[in-house]
Amino acid sequence: MNTGDKNGVIGKPVNRVDGHLKVTGGARYAAEFPVAKMTYGVTIQSTIAKGKITQIDTKAAEQVPGVLAVITHLNAPKASGEKGGGRKLQLLQDNIVLYSGQHIGIVVADTFERAMHAASLVKVRYQEEKPTIHMKDNLDKAYVPGGKIPRNEPPDKSHGDVAQALTTAAVRVEETYTTPVENHNPMEPHATTAVWQGNQLLVYDATQGIFSAQQKIAGASGIEPGNIRLMSYYVGGGFGCKGSAWSHVPLAAMAARQVTRPVKLVLGRIQMYGPVGFRPETIQQVSLGATRDGKLTALRHSGTSQTSTFDEFIEPVGKSAGMLYACPNIETSHRLVQLDQGTPTYMRAPGEASGSFALESAIDELAYKLNIDPIELRLRNYAEVDPSNKLPWSSKSLRECYKVGAQRFGWQKRNPKPRSMRDGNYLIGWGMATATYPTNRSPASAITQIMADGTALVRSGSQDIGTGTYTVMTQVAAQALGLPVEKIRFELGDTNMPETPVSGGSQTAASVGTAVHLAGNEARSKLLQLALADQASPLYGANAEDVIAENGSLFLKNKSSKSETYAGILARHKMKMIEARADAKPGEEKQKYSMHSFGAQFAEVRVNPDSGEIRVTRWVGAFGVGRILNAKTADSQLIGGIVYGIGMALMEHTLTDPNRGRVVNPDLAEYHVPVNADVPPIEVLFVDENDPHINPLGVKGVGEIGITGVAAAIANAVYHATGKRIRDLPITLDKLL
Ligand code: MOS
């Protein structure tokens, strides 16, 4: 049995099913649940980066009318910041200060304003120690990480003999590239509402992972995970910082238990810089060796990034270098330096975004040294198999991406000579770079119910972090069930629903999509079996292969008179619904294939030669990302990635006071992200890609690849425009003068 072609709704640019709720305020975010007897938590943060709290005077705060509790290390209940997986947390268990902005207390009051006021009255004395703040001054302390880089790879990898190959290479590029600390800055800050009902804890949290947040609260507090229900129906952006439950989440639960009332804890924008992760600073060395005709003989990419003194996070900058180019000698390595700052975390293609700036800038530098077109140089080193493990690609359309992207952009009209293209006084630069991101997938489950009225309810834990999960899962379910999208209700965001992974690593479409697809197929199949075995059905005794499911009915192929509706089948059997569950997990495909998305980014910049001002004026990105679930939401995600890439290239930079370790630009006025005026028309092209190996839906995920390669394409365009190679992000105008 198949679903009819008219139901081929996968891929269609269906409008967001939650769009109306979002624009009318009906979509409830974590801080928007009207709970009776609500109280408001405000945290107190350390103002030093390292040392001990010697005195914490809460008397004045406690006397503010409406204050219900002031919790500090002096009176906090026992908790563990180590348990429950994820990041190591600070939960008011001692007087040690590990970074500026660490939560060192929480005030709870009956109004937000009273809590804010009371928090401001808490007096803290410290015994301050000199903190280690800047990585560049502490490179002698770099060490080999004990952990794995994200997605479970060792920190160092190599094959061949890079040192030897570099020595004998005809042409070499050996340069250092640096990227600064950057912060995620989702529109919605972190927010947690904790409500105790008897021994049950209900938590509304702004999170990318409801199940991992549930585990973290359980581990921290000793509450059984089964007694914690975590809900996250709408999330106003994540970009990685909501991929881990940070200290304020268990602290909100702790405070709610203390005051025996619900507590709402929303981090202010300023509080988003420090205790909830950031992209770490990186220093990257890239060494390329090549023959005169542009064959890579050696590729080394070494990265050093910062971590905290109490936890390890590795920005895996070398991951792309390990697999992007055919080269007999490749070496990638990652080192860490511990600083007295918060722990960094996943941010917008961690590793691929930051690493591709260095790698794809270096490839451009090599192209200039060899006098070979940068696309041609990449084609001469096109990896037909994954060089890191010699596995075939499950699919790879990078050649097509270069081709259609270049055509659309008009690349052949480029004069490669720097400063050769002008528009009046302005310098015009055209640059390109490769985009790449792995195809990830984790176990995920879903339940589908076909109801007596012919509609369907589909549930799967998961999250919609603004990416369109509600919409694309509705489409996947509609197609599997042979129902129009209007007849599907897809629900997510509740740990009472079937388990799913964190929405990180661009894996939700592949993981949850597969579960929804399989559960839908199973429910439809159950319904069919019911009809085929029932003498009262017009389909009685037919072959399953001859039946089509479409628009809520089962039809006999070519005999449309013989049909019946789903509602009719259920009514005759006096059934309220038919239910099916799928527990989907990846198979052996990752052992057999190397699975990645690829793309090509093309940038035009316009540089004012007098002021150094850089504007991005045109963009084309071409991508091979497997099957597209929704042409509109996929386009939006890739545009969003490219926009944040423009931010990374030209603006974003978290600045830290070297003496106090305090972020000095902790708001959207001083931390610049691209606004509409900074963003040119962005054209996203999809290369048709049918990948039968990665997962049953053939989707690769579009969450992160959009930002990869963007900073390099801009740096390369700036070089083309000006003749100046900027190897330090962001590329601000002062660096051009
Ligand atoms: Mo993404 S940075 O894996 O949340």
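**Strands β19 and β25.** I looked up the pairing of strand β19 (residues 444-451) and found eight bridges joining β19 to β25, the two running antiparallel. The model is predicted: local features require pLDDT of at least 70 and side-chain atom pairs count only at pLDDT 80 or more, while totals for chains, interfaces and linings use all residues. Residue numbers start from 1 along each chain as its sequence is written. I noted two partners in β25: I450 bridges to I578, and I447 stands opposite R581.

**Sheet.** I traced an open sheet of four strands, in the order β21-β20-β19-β25, with mixed pairing. Its edge strands, each pairing on one side only, are β21 (488-491) and β25 (577-584). Neighbouring strands are turned by 15° against each other on average, direction ignored; axes are lines fitted to C-alpha atoms, for helices over the stretch in contact, and angles run from 0 to 180 degrees between N-to-C directions.

**Faces of β25.** Buried here requires 20 or more other C-beta atoms within 10 Å of the residue's own, exposed 12 or fewer, and partly exposed lies in between, with C-beta atoms placed from the backbone.

I found helix α11 (residues 508-532) lying across β19, β20 and β25, at about 145° to β25.

**α7 and α15.** I looked at helix α7 (residues 352-370) and helix α15 (residues 710-722), whose axes come within 8 Å and cross at roughly 35°. The contact (C-beta atoms, placed from the backbone, within 7 Å) involves S356, F357, E360, S361 and D364 of α7 and A711, A712, A715, N716 and Y719 of α15.

**L736.** I located L736 in the segment after α15. Why is L736 partly exposed? I found 19 other C-beta atoms within 10 Å of L736, so L736 counts as partly exposed. Not counting residues up to four places away in sequence, L736 touches V607, G612, T722 and K724. I also took the C-alpha separation of L736 and A600, which is 26 Å for residues 136 apart along the chain.

Notes. Pairing = 2+ DSSP bridges. Contact = placed C-beta atoms within 7 Å.
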